[in-house]
Structures are given as C-alpha cells and as structure tokens.
There are 2 protein chains.
Amino acid sequence: MLAEEIRTYSIKQLESLAADLRREIIEKVKDSGGHLSSNLGAVELTLALHKVFDFSQDKLIFDVGHQSYTHKMLTGRDLSKLREKGGVSGFPDPDESGYDAFVAGHSGTSVALGIGYCAARDLAGGTEKVVCFIGDASLGNGVALESVFASETKPNNFILVLNDNGMSISKNNSALYKTISKATAKKRYRKFNSFLSRTFKETSAFGRYLRKVKYSVKGWLNKNDFFERCGFKYIGPVNGHDISELVSVLENIKAIDKPVFLHVVTRKGMGYPAAEEDPSRYHGVGKNFTESEHSFSAALGRLLCDRAERDGRIAALTAAMKDGVGLTAFAEKFPERFFDAGISESSLVAMAAGMAKGGLRPVVCLYSTFLQRALDQIAHDVCISALPVIFCVDRAGFVGSDGKTHQGLFDLAFLRTVPGLSVFEPKDCAELADVFDFALASGKPAAIRYPNGYAKNLGGTARISETMLWETLSEGKEAYVLASGARAVARALEAKKQLSAEDGAYAEKLAVVNCRSVKPLDEAFLKKIAEKEIVCFEEGYTAGGFGSAVAEFYAKRGVCARLTLIGAENTFFAHASTEEQAQQACLTVNHLVKFIKNRNL
Amino acid sequence: MLAEEIRTYSIKQLESLAADLRREIIEKVKDSGGHLSSNLGAVELTLALHKVFDFSQDKLIFDVGHQSYTHKMLTGRDLSKLREKGGVSGFPDPDESGYDAFVAGHSGTSVALGIGYCAARDLAGGTEKVVCFIGDASLGNGVALESVFASETKPNNFILVLNDNGMSISKNNSALYKTISKATAKKRYRKFNSFLSRTFKETSAFGRYLRKVKYSVKGWLNKNDFFERCGFKYIGPVNGHDISELVSVLENIKAIDKPVFLHVVTRKGMGYPAAEEDPSRYHGVGKNFTESEHSFSAALGRLLCDRAERDGRIAALTAAMKDGVGLTAFAEKFPERFFDAGISESSLVAMAAGMAKGGLRPVVCLYSTFLQRALDQIAHDVCISALPVIFCVDRAGFVGSDGKTHQGLFDLAFLRTVPGLSVFEPKDCAELADVFDFALASGKPAAIRYPNGYAKNLGGTARISETMLWETLSEGKEAYVLASGARAVARALEAKKQLSAEDGAYAEKLAVVNCRSVKPLDEAFLKKIAEKEIVCFEEGYTAGGFGSAVAEFYAKRGVCARLTLIGAENTFFAHASTEEQAQQACLTVNHLVKFIKNRNL
C-alpha cells in the first residue's frame with residue numbers, strides 16, 4: 001500500500017509522485033467524470049498528510065470529500081472505474097476502505113464528526129490523531145460554523161486543516177473568507193508571496209532560505225485570533241503546493257497535542273491550465289467534460305431568463321450550484337435578481353421567504369439531496385405563512401455516478417408532508433414551463449422536481465390546470481399506469497408501446513397517465529378509476545412516495561382499490577449510471593412490461 | 001393602539017409602562033404558561049424599538065419570537081388567553097397581526113428573512129427600516145451564522161439587534177458568545193458598569209452624566225471588528241434595561257442608512273427574582289409553572305441515568321433543551337457523557353455520528369419539531385454508515401400551546417423514508433425502556449418518538465422482539481384497530497371499552513393492537529390479518545404517516561386490503577390544548593367510536 005510506503009519517501013520522491021498522481025487524476029476524470037479542480041488542488045496536501053500521519057490508526061475525516069481522489073489512490077484504490085458501477089465512489093466511504101473514516105458527500109459535517117469522534121476516543125483513552133480536511137467553501141456552511149463556534153474549547157489531538165483555495169464551488173464573497181484570509185490578503189505579504197511564486201520550483205539553497213524567511217514574515221503578520229477564540233491554535237497560512245513546507249509544519253503539529261487550525265492555501269485546478277483558469281467550470285464534470293443542452297437544468301435556466309424578462313418579481317436563488325442548476329445565463333442577465341448564498345441551503349430558503357414577503361417571486365434552485373437541509377425552513381418559514389416561493393428541485397430520483405450520498409430519493413416523502421406545499425413532477429422540459437407558470441400563478445408555495453441528464457420530449461399537449469391536474473398520454477379502458485416523474489412517464493409509455501406491439505389488446509386496455517401533480521393528487525381522476533386496476537410507477541422509494549400518496553387517498557376513504565405500487569426498495573443506491581440504478585431497483589421498462597404481463601392487466 | 005401612542009411618550013412614561021408590562025407578563029404566564037425569562041428581559045428594548053420605529057411601516061423581525069410578548073401587548077393583543085385556543089399565539093404570527101412580519105418559532109432565521117426582505121424592498125425602491133431582533137443563543141445557530149457570514153456586505157437600512165443575555169436556553173459556553181462579548185467582558189468596563197448598576201435607578205443629573213461617560217468609555221473599548229467584517233457597523237454594548245439610553249442610540253441608528261449591528265445587554269428574567277436566579281428553569285414554563293413527573297421526558301431521563309450506570313458507552317446529547325427532554329439529572333450525574341451543543345441540531349447529529357464511530361452509543365434527545373433541522377445528517381452521516389445512534393424524539397404529535405411552529409407532525413414521514421433507520425413509538429413510559437433496550441441491542445440507527453405531557457401507563461407485558469414487533473392489547477376476531485403512538489393506543493383502548501359497554505359483541509370482534517414499531521412494520525402480523533377489516537389510527541398526518549406505511553405494505557404486494565386510515569388532515573394546527581387539537585383533527589375517542597359504529601366494524 002502506497003500510504004504505508006510513502007512515510008519513508010523523501011520530499012523529492014513525494015514531489016515526483018505528486019506529478020504522477022496529478023496526471024492520473026486528469027486522465028481518470030476525463031474517462032469517468034468527477035470533481036477535477038478541487039482534487040487537483042489537494043494533491044500535495046494529501047501526500048504530506050499521509051507522509052506525516054498513519055491513517056490506519058489516525059483518522060482522516062474529509063469534508064464533502066470531493067478532494068479525496070489522491071487519498072483514494074494512496075490507499076490502494078484504482079480510479080479506472082471511478083464513479084462507475086463496481087468502481088470506486090467519488091466520495092469517501094468506509095465500506096470501500098478502512099482508511100475512510102466517514103461517508104462524506106455533503107458539506108460542513110467534518111468538524112462535528114471529528115469532535116464527536118474525539119469525545120469517544122478521549123473517554124476510551126485513545127491517542128490517535130484526528131485530522132479534518134475541509135475546504136473554505138464548506139467552512140462557511142452552517143453545520144461547520146455551528147461546530148466551530150459551539151464551544152470555546154476543542155479536543156486535544158484534533159487538527160482542522162483548511163484547504164483554502166479562495167473560492168466556493170462558484171464564486172466566494174463570504175465574510176468568513178475575508179476573516180480567514182485577513183493575513184494572506186495583506187498587501188505586504190502578497191507582494192512577498194508573489195516574488196516567492198516566481199521561484200516556486202526553486203529548490204536551490206537560496207530558494208529554501210527564502211521559504212524560511214517567508215515563515216517568519218507570516219508569523220509576524222498572522223495574529224488571527226478568530227480561531228484562537230474558538231479553542232484552536234492557529235497556524236498558517238502555508239503554501240499547499242510546497243510539500244517540504246507542508247511536511248515540516250505537519251511534523252510540528254503532530255508533536256503537540258493541542259487542537260490546531262492549520263490554514264493551507266492552494267490553487268484549485270492546480271496543474272491543469274484550463275481548470276486553473278476556470279475552476280468553477282471544472283468543479284464537477286461529466287465524462288469527457290461534456291454538458292447537455294437537453295437537460296431540465298438547461299431548460300430551467302432558459303425558462304427563468306424568459307420569465308424574468310417579462311416579470312420583474314422573479315428572482316433566482318441557489319446555494320453554490322449556479323452552473324449545476326442552469327443559472328449561469330440568468331446570473332449574467334439579471335445580476336440584481338440572482339442570489340448565490342454559498343453552501344447554505346437552510347438560510348437560503350429563509351432568505352427566499354423574506355423576499356416573497358417583500359413582494360418578489362423567489363425561485364430556489366437546489367439539488368434534491370441538498371434540499372434535505374432546508375426542510376425546516378420550507379415548513380416553518382415558507383409554508384406556515386403560505387409565501388409564494390417556488391422550489392426547483394434538480395437531480396431528483398437517481399443521480400447516477402455521485403451515488404449514495406447524492407440520490408434525490410427523500411424529497412417526495414418530506415415535501416408531501418408539509419401542509420400547503422404543492423409538489424409537481426413535469427414529464428419533460430416543455431412541461432416544466434407549463435408547470436412553472438401554473439405554480440407561479442397560484443401564488444402559493446410549490447416544489448417542482450425533475451431528474452438530471454438528458455430529458456426526452458414526450459409530447460402531450462394538455463396543459464395543467466385546476467381541473468386537469470393529470471394528463472392521460474395514452475388511452476386505455478381497463479388498467480391504468482399512473483406514472484410520476486419524467487423517467488417513469490417515459491418508461492411507462494415505452495412499456496405500453498412494447499406491450500401493444502406484442503399484443504394488440506394492450507393498446508385498448510392499458511392507459512398511461514402523466515401524474516405531474518403529486519400534491520394535490522388529481523382526486524377527480526382517482527375517483528373515476530377507483531374500480532379499475534391501478535399501477536403506480538415512480539423512480540423513487542415507495543416509502544412516502546407518489547404511490548404512497550395514491551394508496552393513502554383510497555385508504556383514507558376506506559376504498560378497497562386494486563392498486564399496486566412499483567417503486568424502489570428502501571435502501572441506499574451506490575454509484576452507477578442512472579440506468580443501472582433503475583435496473584438495480586427493478587424500475588426499467590422491462591420490469592414494468594414483465595409486471596404487467598404477469599399480472600395479466 | 002399603544003404602539004402608535006408610545007411614540008409620543010416621554011422616557012418617564014415608558015419606564016412606568018415597562019413596569020406595568022412586566023407585571024402583566026408574569027401574571028399571564030402564570031395563568032397560561034409560556035416563555036417567562038426571555039420575555040422579561042426584553043421589555044425595555046421592545047418599548048424603545050416601538051418608541052423609535054413605526055412598525056406599521058418598518059419591519060420588526062423576531063428570531064424564535066419567544067421574546068415577543070411585550071410587542072404583542074403594544075400591538076393590541078390581549079395576553080389573557082395566551083397560547084390557549086382562540087387566544088394569542090406564543091410566537092409572532094402575521095395571521096394574528098400585521099405588526100408581525102414573519103412566523104417565528106424556530107431559531108436563527110431572522111437574519112436571512114431580513115436580508116431577503118431587504119432585497120425585495122431595495123428592488124422595489126422601498127425605504128422602510130428592517131429590524132431583526134435576535135437572542136445570543138440564536139445567533140450561534142447555523143442558519144443565523146450562515147446568514148451573517150454569507151456576504152461581506154449587508155443591505156442598507158438593516159438593523160440586527162442582538163439581545164444578549166449571556167445565555168442560551170440552558171448554559172452558554174459558545175465561542176461566538178466570547179467573541180461578541182469581548183468588550184463587555186473587559187475588566188475595566190465591567191468594574192465601571194458595576195458602579196453604574198448601583199445607580200441604575202438614578203435619574204438625577206449626576207446619573208445621566210454618568211451614563212454619558214459610560215458611552216465614551218464604551219466607544220474606546222469596543223473595537224469589535226468581527227461584525228464590521230461581515231458588513232455591519234457595530235454599535236454597543238448598550239444597557240438593555242435603560243430606556244433612555246436605548247432610545248437615544250436607536251434614534252441615532254435610525255438617522256443613518258448603513259447596516260448596523262446593535263449589541264444590547266439584558267438580564268434574562270429581569271424583574272422576577274426567581275427567574276433572574278434560575279432563568280433556565282423559567283425559560284419555558286407550563287401553567288402555574290408546574291412540571292410533570294409522569295411524562296415521557298422524565299421517564300427518558302430516569303432511563304438514561306439507569307442505562308448509563310450499567311453501560312459506559314451511553315452518551316446523551318441535546319441542543320439547548322436539556323431540561324425539556326429530561327436530561328437535567330443525567331447532565332449532573334454523567335457530565336463527561338453529556339453534550340449540549342446549543343441550538344445546533346444539524347451539527348449535533350453529525351457529532352453523534354462521530355461518537356458512534358468512536359465506539360459510544362450516543363442518544364440524541366430533541367423535540368420532533370427541531371429534529372426537522374437534522375434530516376440531512378440523519379441520512380447522510382448516521383444512516384448511510386448504519387451507525388448506532390438512537391434518536392429520542394420528544395414532543396411528537398400535537399404539542400398543544402406552542403402551536404403551529406412546534407407541532408411534531410413531520411418526523412414520521414421523513415424518518416420513515418431514510419433507509420436503515422428503525423422507528424418506534426412506545427405506548428407508555430414502561431414500554432419506552434423496553435423499546436430503548438431493543439434499539440440499543442440492535443446496534444443500528446433508531447428513532448423513538450413520543451408525545452409531551454402526562455403519559456398514562458397502559459399495561460401489556462409482551463416485550464418487543466424481532467418476532468413480536470407489535471402487541472395485541474385487546475383481542476378481537478374481525479376488525480383490527482392498528483394504533484401507533486401513546487395517545488392513539490390509549491384512545492383506541494378507551495374506544496373499545498366504550499363500544500363493548502354499549503354492545504357486548506365488540507368485546508369479541510374488535511382487536512386493539514399497539515403498533516410500537518412503525519419501521520419495520522410487523523409484516524407477519526399484517527399478512528395474517530390481510531383479509532380482515534383494518535383501521536389505522538394515529539395522531540399525525542396521514543401523509544407519510546403510520547397508516548400510510550401500512551397502505552404501502554399492502555399495495556406494494558398488490559393486496560386489496562379493507563383498510564381505512566384515520567389521521568390528521570394535512571394542515572397547520574394552531575395553539576390549543578393537545579386534547580383540543582385532537583378534537584379539531586377528529587382524532588378523539590369519540591371520533592373513533594363513531595367511525596367504528598358507522599362502518600359497522
């Protein structure tokens with residue numbers, strides 16, 4: 001295992017290894033997609049940590065974990081099937097390696113995880129070091145801030161390493177960052193540093209001497225008592241691409257047992273010019289770094305630009321996922337109505353409530369998995385007061401290669417239980433506009449959820465209205481497939497096509513309904529078909545999902561409907577393609593066809 | 001309306017009014033229960049705000065809002081039926097008065113609400129002032145911290161008033177507090193202040209002179225650049241019980257348009273000696289300030305003390321609700337295994353994950369309504385890794401007088417959807433122990449939910465086990481009432497008693513089952529009774545609730561069960577007694593009796 005070997009490596013060997021690893025990362029992310037910029041920035045820091053600590057004993061706790069590729073390679077994991085089925089996950093996972101302390105796909109949890117672990121360790125009399133590895137964008141998240149501020153003391157043998165690349169996923173304008181970077185921002189230091197940068201690769205005696213001088217300059221500049229008040233000894237800033245410097249600082253830290261906040265400055269995308277230039281674009285990339293114009297995200301972006309042109313009340317909000325949710329153009333076109341609050345979904349939703357109260361029509365654009373952090377604000381701040389906030393819930397359903405931590409499988413259950421909140425699932429991008437306009441006109445809180453990736457246009461022209469919440473896409477007289485969500489509707493239509501091709505009777509018998517409004521349900525429709533065979537089909541958990549809502553509808557009325565729910569088993573689905581995940585969950589076209597045939601519907 | 005009148009009052013008149021209001025608050029909280037200490041501390045500050053601003057135009061945004069009683073009285077609301085059905089709410093509510101900007105029962109949202117409102121105001125060209133009123137404990141919450149740190153600029157005409165009483169609901173040991181109070185803590189100032197305190201009531205010219213001196217001393221001491229970096233002009237600290245001082249400072253603030261952070265120091269419980277002595281005890285009190293020994297909270301406290309005695313791995317965690325969840329004795333007995341993280345549910349749950357990983361058996365004790373803030377950590381940090389954390393979910397179901405913002409009606413829906421998490425609802429305090437031991441022995445994540453208030457012992461001796469998840473409390477052959485949760489089980493038993501008294505046949509026919517495990521369901525039992533009449537009865541929303549799980553169970557299997565769900569309509573239930581809320585939701589014994597008779601079960 002490299003992780004064990006490199007503890008004996010010289011600095012020179014480590015530097016050469018760093019170059020190799022960097023090449024490897026670029027290669028593998030090109031093949032499989034993944035987080036590029038952040039991983040490239042963390043190569044030397046990760047190497048230095050492994051050089052100094054023994055993470056078979058000590059704990060390395062990643063925050064978010066999208067900087068963990070180097071760590072993965074050092075601990076015996078092959079990135080060649082990165083984020084693919086059967087390959088390694090894009091995030092740390094204890095199931096994958098004992099070197100991964102915790103699952104880490106969401107931001108801000110590492111500090112609390114570390115403090116909790118230390119509490120257990122100290123009660124048991126353990127002596128292992130606990131190292132949390134956090135990016136500056138994550139540190140601004142409320143979960144991290146709570147943990148940093150909660151107590152004025154911190155556990156011993158606890159090291160919080162800040163990988164400060166000066167930016168959030170998109171842009172960083174946070175006050176916290178200013179606070180952290182007080183020292184580095186000082187002109188005098190900056191000048192000195194820029195001079196040093198020019199001799200960055202300098203390994204001559206003179207270069208080493210300069211680096212030493214740099215240290216003392218830093219010591220003089222950096223009276224950063226912010227973290228001292230939170231119980232840390234503050235050390236830094238340290239050049240995160242200088243292995244020699246990093247190793248020497250970490251050795252010193254290892255020797256003391258006090259809690260340390262180590263401030264490391266890195267460059268996102270380091271070593272890949274395009275990513276250095278535009279790290280935001282290369283933050284998370286798909287295979288071969290391509291993007292789709294035919295995604296719901298892209299459609300949402302176009303839609304919001306169009307509607308904002310006509311309606312001055314529309315504002316768009318996101319939490320450090322501007323590009324991901326399709327708001328790049330909106331942000332440029334309507335800067336005064338665009339709000340990116342950094343990784344802070346909870347406060348973002350409360351902010352939207354404030355805007356709605358002030359007369360705006362805020363549209364909150366988040367991935368489903370991150371919306372989980374805002375359930376309380378959705379209920380407490382938006383829905384109790386019935387404020388007209390629209391939630392655009394991207395990456396709903398299976399997300400593919402991001403895997404377990406990022407699946408959009410909870411939102412339907414928790415959104416459905418919040419009074420006064422409508423929940424929609426458009427079948428395609430055209431219907432996204434339709435549903436959005438309907439939600440906007442209602443003047444009430446609403447969530448619109450849709451999956452990632454390519455979205456096929458499914459036709460159908462019956463616009464959503466109070467009296468036609470659902471749309472029958474393919475008529476039939478005996479059995480009804482109630483499908484909700486773009487992928488489920490597409491599969492249901494395809495299933496009917498295949499069935500009809502095999503047996504003409506199905507063309508007459510089987511109806512496919514686009515259940516684009518999950519809350520409210522189309523009650524009139526459900527009453528009408530109460531005597532028929534009904535199959536609810538969705539890409540999501542049965543627990544609390546769309547089918548569950550239909551089952552509740554009948555059972556609340558004591559109606560004994562011939563109803564079958566088809567949804568995913570309640571388990572965590574690992575990284576694979578979305579199609580493979582649907583396969584694993586038995587939710588493909590073939591599964592539906594087989595089910596319908598077996599049941600003789 | 002007093003709020004309009006007092007803008008013309010003299011300082012003397014305001015001081016005399018303050019005394020009256022304070023008396024009124026003590027009187028009314030004695031009658032109805034409510035938040036005592038925090039409201040007593042905020043009297044003068046609220047008066048001064050209303051004296052200077054016109055909140056029919058300007059916006060006053062409370063954080064948590066348990067300091068809003070003075071504001072309520074000034075804006076024409078009679079506290080005589082405080083927190084009772086038809087009376088005023090214990091928290092701000094725009095439905096109650098146009099003077100309440102937002103609903104506010106949970107912590108930390110005011111800053112984001114205010115910033116959001118300002119964004120809308122500025123786009124519309126409005127000129128009203130926005131004043132957020134936040135306590136120091138709330139400011140340490142992640143939602144508030146996110147909002148404070150998110151940007152280095154803040155809107156103009158935005159005033160964040162910190163009511164700093166130096167403590168959280170329980171005790172405050174936060175680093176943030178240290179940061180805020182840097183200036184007040186300075187010895188020199190303290191000494192000076194204590195001298196002034198002795199002349200607190202002094203209204204002589206000399207007293208006024210002294211106060212002026214005090215100002216300049218403060219100006220000299222308080223270079224608090226913490227908030228300056230976040231875009232605020234910092235002003236303070238100001239004595240929060242000196243109306244004259246407060247009014248003069250606020251007048252100055254009103255005259256400038258820059259964002260201001262106003263630091264006001266108050267005394268929690270001010271004017272009620274017992275509450276001043278022990279503000280934590282008088283934070284939130286029931287009618288006549290009584291507490292119940294026969295509550296689940298008290299039972300949990302005793303249980304955890306007992307189990308912690310025998311099992312060194314057990315640790316108890318809470319988020320500023322130590323007394324409320326019954327952990328007072330535990331905290332005294334096992335200080336090294338007790339963790340109160342302040343109002344920070346999100347990081348608390350991540351911390352518990354860290355502890356579990358380190359070998360402890362953390363028990364996270366929170367109210368249902370606050371657990372909403374930790375859904376993401378429950379899923380992402382605890383359940384993906386199947387870490388053995390037990391969640392004790394207090395105040396589940398109707399909470400009574402705390403009303404809309406505090407109902408424990410969402411947890412079942414969102415907990416049920418998280419893979420790997422068991423969910424239990426013991427029928428009484430005896431069974432709480434039983435279920436707890438079962439969950440602990442499983443070594444897997446589990447949630448145990450129970451209501452507030454008096455909990456009757458219901459008998460029954462069949463201990464929960466893998467093969468007997470549910471317990472038939474009263475046998476019957478034809479119809480099954482599946483009840484989940486203490487109150488539902490008690491009502492179902494009482495309903496059967498009444499029915500049997502009226503008609504002996506019911507004694508034979510109707511079974512009452514204690515469905516103490518909501519996840520997993522007792523599948524063997526459900527299969528056994530699949531042909532019978534089934535009624536699911538719970539105190540909670542049907543949407544995503546227990547009955548929903550049963551409906552899913554049958555519908556997933558395509559079983560057409562004769563099933564009826566009885567649960568609450570999906571709406572926000574306002575303050576009233578829990579019994580009145582059950583009445584409103586049609587979930588009383590009488591409703592159940594009537595339903596069973598009508599259906600001829």
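Q: Which residue of chain B comes closest to the rotation axis?
A: The model is predicted. Distance to the axis is taken at the C-alpha. At 1.9 Å, the chain B residue closest to the rotation axis is B:Gly142.

Q: What relation does the rotation that superposes chain B on chain A have?
A: The rotation is 180 degrees, with 0.0 Å of shift along its axis. Chain B then superposes on chain A with an RMSD of 0.0 Å. That is the relation of a two-fold axis.

Q: What percentage of the contact residues of chain B recur in chain A?
A: The same surface serves both copies. The share of chain B contact residues that recur in chain A is 100%.

Q: Which element of chain B gives the most to the side that touches chain A?
A: The contact takes 93 residues from chain B and 93 residues from chain A. Several elements of chain B each supply at least two residues, including helix H8 (142-149), helix H18 (345-357) and strand S19 (562-568). With eleven residues, the element that gives the most is H6(B).

Q: How many residues on the side of chain B that touches chain A are charged?
A: The residues of this side include 43 nonpolar and 35 polar ones. The number of charged residues is 15.

Q: Are H23(B) and H28(B) parallel or oblique to each other?
A: The axes of H23(B) and H28(B) come within 9 Å. They cross at roughly 55 degrees. An angle between 35 and 65 degrees counts as oblique. The two helices, H23(B) and H28(B), are therefore oblique.

Q: Which residues of H28(B) make the contact with H23(B)?
A: H23(B) contributes residues including B:Arg491 and B:Glu494. The contact residues divide into seven nonpolar, one polar and two charged. From H28(B) come B:Val589, B:Leu592, B:Val593 and B:Ile596.

Note on methods: Residues are numbered from 1 along each chain as its sequence is written. Chains are lettered from A and ligands numbered from 1 in the order in which they are written. This is a predicted model: local features need pLDDT of at least 70, side-chain atom pairs count only at pLDDT 80 or more; totals for chains, interfaces and linings use all residues. Copies are superposed by least squares on the C-alpha atoms of residues with pLDDT of at least 70 in both. Two residues are in contact if their C-beta atoms, placed from the backbone, lie within 7 Å. Helices (H or I, at least four residues) and strands (E, at least two) are DSSP runs, numbered from the N terminus. Ala, Val, Leu, Ile, Met, Phe, Trp, Tyr, Cys and Pro count as nonpolar, Asp, Glu, Lys and Arg as charged, and the others, Gly among them, as polar. Axes are lines fitted to C-alpha atoms, for helices over the stretch in contact, and angles run from 0 to 180 degrees between N-to-C directions. Angles under 35 degrees count as roughly parallel, over 145 as roughly antiparallel, 65 to 115 as roughly perpendicular and the rest as oblique.
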